[in-house]
Amino acid sequence: MNNLRQQFIAFSVSAGVLRFGEFTTKAGRQSPYFFNAGLFHDGATLAQLAQFYAQTLIDSGIEFDMLFGPAYKGITLASATAVALAGKGHNTSFAYNRKEAKDHGEGGTIVGAKLAGKVVIIDDVISAGTSVRESVDMIRAAGAEPCAVLIALDRMERSGADGALSPSSAVQQVSQEFNIPVVSIGNLEDLFTYLNAAGADPEMAQYKDAVSAYRTRYGV
């Protein structure tokens, strides 16, 4: 398995971050899989995750000057990715925001490097796009330019209630709204490819039909 995207899916499954079964999403949907980046919570898995983020960003060819991690998950992801990029010969500064403004010390809501130049926003997933919109506003308010969003998993899923689904996914909506690319390490197609490749494993094969049905119903 030498494809980076497939390696990422396999890694997420082995780390228990990507799970199969019956889950209720924030939107109230019954999903056959669940991805929780908060479970990358030890040094070894976080280090490996950061390597995936860093290599995906390098492979994208996107020109950037620094990273931005929206609170809260994005803070760890952006800082870890900066470390991984430095290890690959790309020393990059990073910043993140705090939820409440600080009135002493460095003050304000931005911590880390001054927002400047072309900024990549790093997060785990895009659900409603709220975190990205807030990040774009902060970056532009500082006079910098949001140039891309880098996430771990693109669910490739249309938003809205059943019977009134949007024509595009949250990721597509964000990309169109801000005219910036959204790059993911892996997506629903990669997950399905992984399940197909794992056909000989009955534990994995049992979820293939459920994921396929979910993709048919909600996918873009």
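Analyst: Start with Phe35, which touches Phe8, Ser12, Val17, Leu18, Phe40, Val125, Ala152 and Leu153, leaving aside residues up to four places away in sequence. The model is a predicted one. Phe35 belongs to strand β2, which covers residues 30–35. Its relative accessible area is 10%, and because buried means under 20%, Phe35 counts as buried.

Phe35 is also part of a recorded site. An unreviewed UniProt entry lists Phe34, Phe35, Ser127 and Arg155 under "binding site". These residues span 122 residues in sequence, but no two of their C-alpha atoms are more than 12.8 Å apart, so they gather at one spot. Phe34, Phe35, Ser127 and Arg155 are also included in the lining of the largest pocket.

Ser127 sits in the loop that runs between β6 (118–122) and α4 (130–141). With a relative accessible area of 51%, Ser127 is exposed, whereas Phe35 is buried.

Pro70 and Val125 are 55 residues apart in sequence, and their C-alpha atoms are 12 Å apart in space. Pro70 is found in the loop between β3 (66–69) and α3 (73–87). Pro70 is buried, at a relative accessible area of 3%. Not counting residues up to four places away in sequence, Pro70 has contacts with Ile75, Asn97, Ile121, Ile122, Asp123, Ser131 and Ser135.

Terms used:
Residues numbered from 1 in each chain as written. Predicted model: local features only at pLDDT ≥ 70, side-chain atom pairs only at ≥ 80, totals over all residues. Heavy atoms only, no water. UniProt positions renumbered as here; feature names shortened; annotations may be inferred. 1 Å grid on protein atoms, 1.4 Å probe; cavity = no way out; pocket = protein on both sides within 12 Å on 5 of 7 lines; lining within 4 Å. Helix = DSSP H or I, 4+ residues; strand = E, 2+ residues; numbered from the N terminus. Buried < 20%, exposed > 50% of the residue type's maximum accessible area, 1.4 Å probe, protein only. Contact = heavy atoms within 4.5 Å.
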